[in-house]
Amino acid sequence: MSTDLDALYQEIILDHYKHPHHRGLREPFEAEVHHVNPTCGDEVTLRVHLTDGRVDDVSYDALGCSISQASASVLTDLVIGKPVDDAMRIHDEFLTLMQGKGQVEPDEEVLEDGIAFAGVAKFPARIKCALLSWMAWKDATLSAVDPVETKKESL
Amino acid sequence: MDGLLPDLEVVRKDFPILSRALGDGWPLVYLDSANTSQKPQVVIDTMVDHLERHNANIARAMHQLGAEATAAYEEARDKVASFLGAPERDEVVFLKNATEALNLAANTLAWAGDRQVGPGDEVVITEMEHHSNIVPWQLLCERTGATLRWFGITEDGRLDLSSVDELITERTKVVSLVWVSNMLGTINPIGEIARRAHAVGALVVVDASQAAPQLPIDLAAMPDEERPDLLAFTGHKVVGPTGIGVLWGRRAVLDQLPPFLGGGEMIETVTMERSTYAPIPHKFEAGTPPIVEAVGLGAAVDYLSVLGMESVQRHERAITAYALEGLQTVPGLTVLGPLDAAERGGAISFEIPGVHPHDVATVLDSRGIAVRAGHHCAKPAHAHFGVQSSTRMSSYLYTAPAEIDALVEGLEYTRSYFKLD
């Protein structure tokens with residue numbers, strides 16, 4: 001069995017892929033976004049529900065590979081129940097890991113199951129798969145936090 | 001196995017990349033030729049020789065190197081004309097790629113001229129087009145007020161011709177379709193459709209990006225009413241370099257279309273008020289063209305002609321039949337598109353329930369096997385079959401049966417890796 005392949009497809013990733021957490025689209029929500037990876041066609045529709053600066057729920061409907069599906073599942077585990085600011089820091093940490101070309105040592109305290117994605121950073125073609133739902137979550141959260149500001153930015 | 005190129009082992013040695021090993025020493029199994037083909041040594045050497053010994057700008061340099069470069073570029077045009085069986089060599093226009101060729105057609109048809117498309121007119125395409133033969137026509141329709149219509153696909157991946165009478169009518173100004181589908185592999189009856197389109201006075205545009213590598217093309221030998229008016233293909237899929245594509249067009253049609261890009265080389269004379277244009281093909285070749293790429297393409301089509309396109313087609317059919325047979329031994333695997341190798345090209349898209357195409361491609365890649373995963377720039381065709389993406393293997397003249405065996409074995413391994421049993 002190939003070691004490279006096992007570095008990419010950690011058991012944790014395959015588990016999340018086969019049994020994704022928090023899947024499905026739920027009410028209530030303050031923002032919904034639809035993100036697509038144009039090179040491969042992977043798609044995610046993602047909703048966020050925030051209460052008093054806290055992530056109450058993240059729900060999603062996604063089509064895509066094991067990496068993108070597992071990543072969405074891990075994302076929801078990590079951010080649901082956290083203050084938005086903390087969740088954004090987790091997002092930044094995950095992004096740094098993915099963009100680190102395999103040189104960044106992941107912090108298990110912060111990323112929990114997310115550390116399983118460290119191997120993905122060595123497969124340039126798959127980094128976008130891992131980031132799809134994270135980008136969608138950030139986009140949705142920013143527009144839920146400050147719909148007017150976000151609208152201005154996008155103008 | 002019947003139908004393989006007689007000197008396949010020798011042919012494979014012409015392609016230096018095929019001797020590469022990948023990952024933990026796996027020999028490269030290149031099954032992504034519909035994406036881009038590999039290049040034989042003769043194409044690489046011809047391009048290097050041109051750059052080392054004959055480099056100059058063409059048609060404007062008044063020195064020996066300029067003359068040599070111009071001759072090499074124009075000889076490449078002769079070679080491509082002969083490869084297509086073009087009635088006239090000046091009907092061959094060099095562009096950047098097939099996408100640019102199709103955009104040239106869709107843009108110049110929107111502009112003032114004898115062929116201008118307008119409100120009330122209809123443009124007919126098909127659901128199995130590559131995005132490059134969909135989007136330019138959508139843009140044309142948005143800009144001109146014309147209506148876009150299309151042929152659907154049957155369950156077994158062929159064009160649904162049952163609606164031909166409703167689709168091709170007096171209102172039809174353009175019919176643009178793919179000769180060989182890059183996703184389904186289907187070979188379309190372009191002669192029959194051209195005949196119908198010409199009967200109502202419509203212009204026929206053929207995307208030959210996947211046909212040119214695989215089928216012998218003899219435009220001059222086609223009955224006039226079945227011959228397309230414009231035909232596009234790209235150099236890099238016919239063992240040539242990237243950066244060079246071809247638009248062939250009937251002289252009468254190319255003369256009627258207005259220029260696409262303005263600039264040097266495409267003019268006859270220029271004043272501050274207006275310009276007159278060079279005759280075809282130069283009218284459509286503004287600016288310094290991809291010179292060494294054209295020279296490389298010339299060497300590429302020469303290489304194919306020496307092998308013989310009939311032999312290449314026989315080889316592709318034999319390999320495709322073998323691959324269709326092998327793929328269907330993989331439990332659960334479904335092929336999208338026709339199952340008869342005689343009616344299709346060498347691109348085979350398939351699905352394995354339970355494993356996403358990206359994951360299939362990554363596992364195969366770890367064993368040195370290169371395939372494509374995704375929508376292959378044919379999202380509508382995927383949507384028709386209710387799938388978001390697929391895995392595609394595509395063979396070419398250098399593909400050996402053992403490589404198909406490696407693919408099938410790799411797919412078995414993929415199934416076990418994702419614990420599908």
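**Figure 1. Contact between chains A and B in the predicted model.** In this predicted model, 14 residues of chain A are in contact with 13 residues of chain B. On the side of chain A that touches chain B, helix 1 (3–8) and helix 6 (124–145) of chain A each supply at least two residues. Helix 1 of chain A gives the most to this side, with three residues. By residue class, the side of chain A that touches chain B comprises seven nonpolar, five polar and two charged residues.

**Figure 2. Fold of chain A.** Chain A contains seven helices and three strands. Along the sequence, these elements of chain A follow the pattern α-α-β-β-β-α-α-α-α-α. The radius of gyration of chain A is 15 Å, close to the 15 Å given by the globule rule for 155 residues, so chain A is as compact as a globular protein of that length. The C-alpha trace of chain A spans about 50 × 30 × 30 Å along its principal axes.

**Figure 3. Burial and contacts within chain A.** Of the 155 residues of chain A, 36% count as buried. Contacts in chain A between residues at least 6 apart in sequence include a 61% share that joins residues at least 24 apart.

**Figure 4. The open sheet of chain B.** In chain B, seven strands form an open sheet with mixed pairing, and their order is 4-10-9-8-7-5-6. The edges of the sheet are strand 4 (92–95) and strand 6 (147–151) of chain B, each of which pairs on one side only. From one strand to the next, the twist averages 20 degrees.

**Figure 5. Pairing of strand 4 with strand 10 in chain B.** Strand 4 of chain B, an edge strand of the sheet, pairs with strand 10 (residues 245–249) of chain B in the antiparallel sense, over four bridges. Phe94(B) stands opposite Val246(B), a residue of strand 10 of chain B.

Note on methods: Residues are numbered from 1 along each chain as its sequence is written. Chains are lettered from A and ligands numbered from 1 in the order in which they are written. This is a predicted model: local features need pLDDT of at least 70, side-chain atom pairs count only at pLDDT 80 or more; totals for chains, interfaces and linings use all residues. Two strands pair if DSSP finds at least two bridges between them. Axes are lines fitted to C-alpha atoms, for helices over the stretch in contact, and angles run from 0 to 180 degrees between N-to-C directions. Two residues are in contact if their C-beta atoms, placed from the backbone, lie within 7 Å. Ala, Val, Leu, Ile, Met, Phe, Trp, Tyr, Cys and Pro count as nonpolar, Asp, Glu, Lys and Arg as charged, and the others, Gly among them, as polar. The radius of gyration is taken over C-alpha atoms; the globule rule is 2.2 Å times the number of residues to the power 0.38. A residue is buried if 20 or more other C-beta atoms lie within 10 Å of its own, exposed if 12 or fewer, and partly exposed in between; C-beta atoms are placed from the backbone.
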